[in-house]
Structures are given as structure tokens and as C-alpha cells.
Amino acid sequence: MKRKRLLALLAVVGLGLVGAVAPMLASEAAAACVTPYNNSAVYTGGMTASYNSHNWAAKWWTQGESPSTGGSGVWQDNGSCDGGSTGGGGGGTTCSYPNWVAGQSYAVGAIVRYTNGQFYQATHENPGYDPVISTWFWSPYTCTGSGGGSTGGGGNTSGFVVSEAQFNQMFPGRNGFYTYAGLVDAMKKYPSFATSGSDAVKRQEAAAFLANVGHETGGLVYIDEINTANWPHYCDTSQPYGCPAGQSAYHGRGPIQLSWNFNYYAAGNALGVDLLNNPNLVATNSSISWQTGLWYWMTGTGAAGTTSHNAMVNGQGFGTTIRAINSIECNGGNPAQVQSRVNLYNQFVGILGVSAGGNLTC
């Protein structure tokens, strides 16, 4: 009898333990994932986002820094989360690919599930670049097996090494005049731009060009030179063609701030557009405006003795492009302006997932 009572008591205790464990497991279950992190969004202190199957909270203002426990320390890890069944990219039970992990190496062909619920396939080997930002390394993937069939998720169909999503990330406050479509159209005039050399060199050249024009225009904000008092100074009357559009018509315009009547004349001849008589086309036609920037990038040498294009393709470094564009800043002339260009370049190569290379200053 004693033995039967002992067994019965153990059974009751066992049931009690099971009943106690169940709610503990439930309480320790992962929280639901909040809205996925958006690399182009601005987050201020207290705002939350989900990333890499974790919920995160921003401690202060941030933009463009993916949530992690490293970096600037702006993100606080609020623990793992469960995004549930989002059915991204064709979903269903056939999609059992692993979650993308930042910093983890991926071979060509690897398929991952991103934080937005969509699936991506590695088109180039990479050390865990973000599929939505580094679109050269990743293509959207559907569970039917057709990789890259969708243009969603930041896919790049322009042929330019910089996707439109990356371009918008680089210039979040840009003037609507400086369109991505205008830049891509302008590149038809100079097909060797950002298409020469290795894949890394192509992206470095694109970053270098965009960093310089970003500096010249305050982040692609300004179209015309701000200081109107300087406008009458850009007419070289010694030129045989003079200044037919007027004394003040040849001030700085566009992404490279084209100025002087002789530069409008030369650029117009090279591009097949009469810019001498119609200089304001640089401020009213996005493609032509971008073309003038590429014209100088591909042909102008300044005090560098080489073009900015050749400097990047031949490994002379970003510093040489500064010397080709505005050598007055070099050799201690204006180190703050040089550093501004370098900072933008470092930011942009980071977005494109390549190293900056050497010789960054002049």
C-alpha cells in the first residue's frame, strides 16, 4: 500500500511539474517582429525595427547603419523575434531557405530569406552584404526557382553598377531635377564610364564620380551656382565666339558646376548640343546636365595630368580626381573641402560594398 501511495504521489508531482513548465515556455517564446528595418529611413531615439530575426531600438538619430551590437552603438538589441509566416517571394511551405545573416559569407547561388520576408539569391560571392542595398551581389528569387524574375526588393535593371535604391540612399535630400533616369541616359554618351576594369574598379569609379558631384552640389541639391554675384565673371571675351547668351549666362550649372563660356562651347561640341547659345539647358534638361558632368569626368584633366576616369581605372586613387576637378583645394589649399569629398567617397564605397583603395587625398 505504501508503495502504491508513493507512485501516486510521484504522478501528481509530475503532473504539477508539467503544468508549471508549460507557461514558462510560453512566456519565453520569441516576441513578434516589429516593422522590418529600412536602410533609407531615419530612426530617432526610441524607434524600433526588426533585423536579422531580432527586434532593435534606436538610442539616438541614425540613418543607413544596419542594426547590430557593434558600429556606433546606436542600436539596442531587444532580443530575438518571430516574423511568422509572411509568404515572401512566393511563400508557402516550399520556402525553407535560411534567414540572411549580415557578415556571413555566401557563395554564388546561395538563397536567403531577407528581413522583409522576400528571398534573394547570391549572383556573386560576398561576405554577407545586404541583399536590398548590394544589388550587384544579389537578385530577387521566387520559390518557383526563377531567380531575378522580379524587379522588387531593390533589383537593378539599368546596367549601372549603382542601383536606383543605392542612388537614393546616397542622396536622400536631392533635388528632383537630378534624376537617376537622367544619369543612366547620360551614360550612353560615355559607355566606358563605370564599365572599365574589374567589378570593384567599376564601383569605385561610380562612387568617386558621385562623391565629387555630391560635394559640388551640396548633395545634388543645387543646380545653379549659389553666389549670383559671380555670374558676370564667367565670360571670356577673348574667345572668338564671345558670349552670345549674355555676360552672365555662363555661371556654374549642373552636377559638376560647368562654368565659363569656353567650357560651355567645348562641352556642347562634344555632346552635340548648342550649349554656347543655350547654356540653360544644363539647368533644365536632366540628361544634358548629367552629360556635362560625365564630359568633364571623362575628358577634363585640370592640374592632374590625367582624367578622373583614367585615375580611377588605372589605380591612381580618388585624390587624383580631386586634383583634376579642383586642384586649388590640394596641397593644403583647402583641406576641409578635400576631406568633405573623401568622406562622401568613403560613404559611397561602403554602400556599394567595395574598399576605397589608396591615395584618397591630394
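A nonpolar core is a set of buried Ala, Val, Leu, Ile, Met, Phe, Trp, Tyr and Cys residues joined through side-chain atoms within 4.5 Å. Buried means under 20% relative accessible area (1.4 Å probe, protein chains only). This is a predicted model, in which local features need pLDDT of at least 70, side-chain atom pairs count only at pLDDT 80 or more, and totals for chains, interfaces and linings use all residues. Residues are numbered from 1 along each chain as its sequence is written, and side-chain values use heavy atoms, without hydrogens or water.

**Overall**
- The protein chain has 10 helices and nine strands; these are DSSP runs (helices H or I, at least four residues; strands E, at least two), numbered from the N terminus.
- Of its 362 residues, 42% are buried.

**Cores**
- The largest nonpolar core has 63 residues, and Phe 160, Phe 193, Leu 210 and Trp 290 touch the most other members.
- Helices that each supply at least two residues of this core include helix 4 (199–216), helix 7 (286–299) and helix 10 (335–352).
- Another core, of 16 residues, lies apart from it, with Tyr 51, Val 74, Trp 100 and Tyr 114 among them.
- Beyond neighbours within four places in sequence, the contacts of Phe 193 (heavy atoms within 4.5 Å) include Phe 160, Phe 209, Leu 294 and Trp 297.

**Helix 4 and helix 10**
- Their axes (lines fitted to C-alpha atoms over the stretch in contact, with angles from 0 to 180 degrees between N-to-C directions) come within 8 Å and cross at roughly 140°.
- The contact includes Leu 210 and Ala 211 of helix 4, and Leu 344 and Phe 348 of helix 10.

Definitions and conventions
Buried < 20%, exposed > 50% of the residue type's maximum accessible area, 1.4 Å probe, protein only.
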